[in-house]
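Here is a walk through one protein model, taken a piece at a time. Have the structure open as you read.

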Amino acid sequence: MATYTKYETFIENLANKLIDAFGTTDTWKAVIHTDAPVVATDNAVSDLTQIGGSNGYTTGGDNITFNSTRSGATLTATATDVVWTASGGNLGASTTGRYFSIYDDTSTGDNLLASFDYGATFTVASGETMTLDFGASLFTMA
């Protein structure tokens with residue numbers, strides 16, 4: 001299972017109302033990238049080096065269905081898993097991925113929320129799939 005890490009700028013962007021993590025009005029996306037996230041300073045999807053946009057991967061990533069619910073003072077965010085299927089060649093052509101990041105595509109800066117480290121580089125061959133599994137929740141804030 002990929003290791004979750006929150007971008008430190010996410011909290012700042014949330015407090016400054018640059019992103020909306022509490023409703024369903026913003027569009028959230030998942031991207032695959034090759035470079036290790038710098039969680040202290042990376043702020044936007046443009047700070048990442050995505051795999052090539054081909055063979056089943058679209059530069060800018062895929063939409064995720066994001067929702068949040070509150071119980072008392074605890075907010076739980078959930079998301080549906082993202083599945084990429086390679087077609088016509090390796091996903092992203094000749095580049096290998098290792099990291100996934102979630103960002104708010106509605107925000108002006110395409111601000112980052114969190115990253116997931118797969119633990120090793122991977123190649124998705126034609127006909128194979130890669131699933132980003134969020135489990136029971138994407139994150140919890142209390």
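Which residue in β8 does K6 stand opposite? K6 faces A114 in β8. Before going on, a word on ground rules: this is a predicted model, where local features need pLDDT of at least 70, side-chain atom pairs count only at pLDDT 80 or more, and totals for chains, interfaces and linings use all residues. Residues are numbered from 1 along each chain as its sequence is written, and side-chain values use heavy atoms, with hydrogens and water left out.

**The five-stranded sheet**

β1 and β8 belong to an open sheet of 5 strands, ordered β1-β8-β7-β2-β3 with antiparallel pairing. Its edge strands are β1 (3–6) and β3 (62–64), each of which pairs on one side only. From one strand to the next, the twist averages 30 degrees. Helices (H or I, at least four residues) and strands (E, at least two) are DSSP runs, numbered from the N terminus. Two strands pair if DSSP finds at least two bridges between them. Axes are lines fitted to C-alpha atoms, for helices over the stretch in contact, and angles run from 0 to 180 degrees between N-to-C directions.

| Strand pair | Sense | Bridges |
|---|---|---|
| β1 and β8 | antiparallel | 4 bridges |
| β7 (residues 97–104) and β8 | antiparallel | 6 bridges |
| β2 (residues 28–33) and β3 | antiparallel | 3 bridges |

Y99 stands opposite D117 in β8. Over at β3, N63 has K29 across from it.

Setting aside neighbours within four places in sequence, N63 touches T27, W28, K29 and V82; contact here means heavy atoms within 4.5 Å.

Helix α1 (residues 8–15) lies across β1, β2 and β8 (112–122), and runs at about 45 degrees to β1. Which residues of α1 are buried? They are T9, F10, N13 and L14. These residues sit on the same side of α1 because they cover an arc of only 140 degrees around the axis, the arc being that of the directions from the helix axis to the C-beta atoms. The buried residues of α1 pack against β1, β2, β8 and β10 (139–141). Just past the helix, K17 takes a positive phi of about 60 degrees.

**Aromatic pairs**

Rings of Phe, Tyr and Trp (its six-membered ring) pair if their centres lie within 6.5 Å; planes under 30 degrees apart count as stacked, over 60 as edge-to-face and the rest as tilted. By this rule there are 9 aromatic pairs. One of them is the tilted pair of Y57 and W84, at 6.2 Å centre to centre and 45 degrees between the planes. Y57 is in the loop between β2 and β3 and W84 in strand β6 (residues 82–85), so this pair ties together parts 27 residues apart in sequence. Y57 and W84 are both buried.

F116 and F134 make an edge-to-face pair, 5.9 Å centre to centre with 65 degrees between the planes. Since F116 is in strand β8 and F134 in the loop between β9 (129–132) and β10, the pair ties together parts 18 residues apart in sequence. F116 counts as buried at 6% relative accessibility, and F134 is buried too, with a relative accessible area of 5%. Y57 and W84 also turn up in one aromatic cluster, formed by Y57, W84, F100, Y118 and F122.

**The β7–β8 loop**

S107 lies in the loop between β7 and β8. Is S107 buried or exposed? S107 is buried, with a relative accessible area of 6%. A polar atom of the S107 side chain lies 2.8 Å from the backbone oxygen of D104. Leaving aside neighbours within four places in sequence, S107 is in contact with L18 and I19.

**The three-stranded sheet**

There is also an open sheet of 3 strands, with the order β4-β5-β10 and antiparallel pairing. β4 (66–71) and β10 are its edge strands, each pairing on one side only. Strand β5 (residues 74–79) pairs with β10 in the antiparallel sense over 3 bridges, and A77 stands opposite F139 in β10.

Technical notes. Buried means under 20% relative accessible area, exposed over 50%, partly exposed in between (1.4 Å probe, protein chains only). A polar contact is a pair of N or O atoms within 3.5 Å; within protein, one must be able to donate a hydrogen and the other to accept it, and residues adjacent in sequence count only if both atoms are side-chain atoms.
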